[in-house]
Amino acid sequence: MIHESERPEHALQKTLGPVSLTALGVGAVIGSGIFTVIGTAIGGNATTVAGWSDSPVVDLLLGALRHSGHTVTGRPGAGPALAISLVLVAIVCALTGLCYAELASMIPIAGSAYTYTYATLGELVAWIIGWDLILEYAFSNMSVSVGFAAHVVDLLDWMGLHLSPKWLSPAYLPLGLQDLQGHDIYGTGWHAGFNIPAFLIVLLLTVVLVRGIRESARTNNIMVLVKIAAILVFIFFGISFIHPGNYVPFSPNGWSGVLAGGSIIFFTYIGFDSVSTASEECRNPQRDVPIGILATLVVCTILYIGVAMVLTGMVPWNTVAGDGAPVVNALKRVSLMPGGHSLHWVRLAVLLGAIIGMVSSILVFQLGQARVWFAMSRDRLLPTAFSRVHPKFRTPAFATWVAGVLVAIPAGLFDVGTFAEMSNIGTLFAFVLVSIGVIVLRMRQPERGRGFRVPFGFVVPVLSVVFCLLLMAGLPAKTWIRFFVWLAIGLVVYFCYSRKRSEFYEPQA
């Protein structure tokens, strides 16, 4: 596999170091969830009555074991206890990140979890995870794009510009669309419109990625510094407006809410997966990739917990449900209250940082998605066009453009919550297979050199698998159903097309 990646027609330019890798990871992780999905994780499902399909799998299993016949009421929010959810997520990510670091130091090739699974568990399982990663990256970026559009609307509002919401909001709104006073702008369901900002930002960044990884990394480094500054400004000024009463009850939905909150916010941590997808473009992947992954986890966990505590202290936890821009909207609510005028300019600073954060997240996720398509094509599981490298820019241009179009169109149609749930289960499933891959490679090739080795033998990979499955159980049943349908479609594509193109295929006599 390493030899194949070094062939001139497939070789990618090696320009990245540990700082750029860490910036890629931080750019993805704190740009998406910290400004957008954190509201969904805190507030949960805002509906009061829901069917079994909207409820976490763990609640359905516990209800079945207890033979209880109570009415299921949807996905619970974590409330202020999201801080506990984030600690749980950080532990899981640290365990999985160590597994990623070991495999990335051994297999420095584009494709991340897909490539590692291909090398350890075989082609069929690799196809399943590659198909899953396509879903994961696409839905992650659709979610972030919708969040970006929500922040653009906030910026226009700050400037006193009020354009028609028809072209600034998704066409499908499961919770409807309300103003800050709670008045309905649109009811629940479909409306005639399209989220133009979400659509345009994806296409614009696709052009940037086609032009080159070095330019993309430099752009991302600057954006990461700006949004970290914006987060620190929010925490510093927001502390003064915390009302301790908002922390009571601290965990309004108990352990179920904590688990569901962690499951929802988890997808944002796929940022360190993006670090490993770029390992083929590193100057020294055996050293730089482990540093980039672990540094990403440390920085992002600290920032996430800080924002979660300040946000839930400033406004009641149940007011942020379904909000695509919960941080800046919380600042707006407080700035309209007596004594809150000083937050007017703080809101602008955080708003600009959030918008830049959205841009950097989309940039990194689109980079990762195109590299997965590139790797699968190079292994002949997807059409050859996806592994063609641009003669001038040395980037997988065709894969990048296709990924851009397939993300941009749905981003104009659907809401942030729907996308977040689908990307979460894909992320967790990928983490499970990567952790299993470490165990398999330890058993099959214990003598192979490792630039980084997971400590404590098999304990860390096994714990990673267990915790990831636990978080998957916190997702709604309908998310599992959609996930299995997607995998079933992928298996049909594999057996009808990809398997016959594979280098391992042996036709019957």
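Is Thr400 buried or exposed? I looked this up first: at 1% relative accessibility, Thr400 counts as buried. My cut-offs are under 20% relative accessible area for buried, over 50% for exposed, and partly exposed in between, with a 1.4 Å probe and protein chains only.

**Ground rules**

I am working with a predicted model, where local features need pLDDT of at least 70 and side-chain atom pairs count only at pLDDT 80 or more, while totals for chains, interfaces and linings use all residues. I number residues from 1 along each chain as its sequence is written, and side-chain values use heavy atoms, with hydrogens and water left out.

**Overview**

I find 17 helices and four strands in the protein. Both are DSSP runs numbered from the N terminus, helices being H or I with at least four residues and strands E with at least two. Of the 509 residues, 61% are buried.

I then turned to contacts, meaning heavy atoms within 4.5 Å. Taking those between residues at least 6 apart in sequence, I see that 83% join residues at least 24 apart. The accessible surface comes to about 19,300 Å², and carbon and sulfur atoms hold 69% of that. Such areas come from the Shrake-Rupley method with a 1.4 Å probe, and for residues only the protein chains shown count as cover.

**Confidence**

I checked pLDDT, the predictor's confidence in each residue from 0 to 100. Its mean over the protein is 77, with 78% of residues at 70 or more. Which elements have the lowest and the highest mean pLDDT? Strand β2 (residues 177–178) has the lowest, at 60, and helix α16 (residues 459–472) has the highest, at 89.

Setting aside residues up to four places away in sequence, Thr400 touches Thr206, Leu209, Val210, Ala370 and Arg371.

Helix α14 also has a part in the surface. I note a nonpolar patch there made of Val207, Trp401, Val405 and Ile409, with about 320 Å² of accessible area together. For a patch, I take residues with over 30% relative accessible area and no salt bridge, joining like charges within 9 Å and nonpolar side chains (Val, Leu, Ile, Met, Phe, Trp, Tyr) within 5 Å. Helix α14 (residues 397–411) gives the largest share, three residues. Val405 lies in this helix, and its 37% relative accessibility makes it partly exposed.

Next I moved on to Leu413, in the loop between α14 and α15. At 25% relative accessibility, Leu413 counts as partly exposed. Apart from neighbours within four places in sequence, Leu413 is in contact with Pro170, Ala171, Tyr172, Trp190 and Phe194. I also looked at Leu413 and His191: they are 222 residues apart in sequence, yet their C-alpha atoms are 9.7 Å apart.

**Helix α9**

Why do I call helix α9 largely enclosed by the rest of the structure? Because 10 of its 12 residues are buried. Among them are Gly257, Val258, Leu259 and Ile264. I also checked the length of α9 (residues 254–265): at 1.5 Å a residue it should span 16 Å, and its end C-alpha atoms are 17 Å apart, which agrees. The expected span is 1.5 Å times one less than the number of residues.

**Salt bridges**

Side chains of opposite charge can pair when their charged atoms come close. I count a salt bridge when a side-chain nitrogen of Lys or Arg is within 4 Å of a carboxyl oxygen of Asp or Glu. The structure holds four of them.

Arg442 pairs with Glu102, the closest N and O atoms being 2.9 Å apart. This pair links distant parts of the chain, with Arg442 in helix α15 (residues 416–444) and Glu102 in helix α4 (residues 82–106), 340 residues apart. I find Arg442 buried at 11% relative accessible area and Glu102 buried at 0%.

Arg347 forms a salt bridge with Asp154, at 3.3 Å between the closest N and O atoms. Arg347 lies in helix α13 (residues 343–378) and Asp154 in helix α6 (residues 123–158), so the pair ties together parts 193 residues apart in sequence. Arg347 is buried at 4% relative accessibility, and Asp154 is buried at 8%.

Arg347 also meets Asp157 in a salt bridge, 3.1 Å from N to O. Asp157 is in helix α6 and Arg347 in helix α13, 190 residues apart. Which residues are linked in a network of salt bridges? I noted Asp154, Asp157, Lys332 and Arg347.
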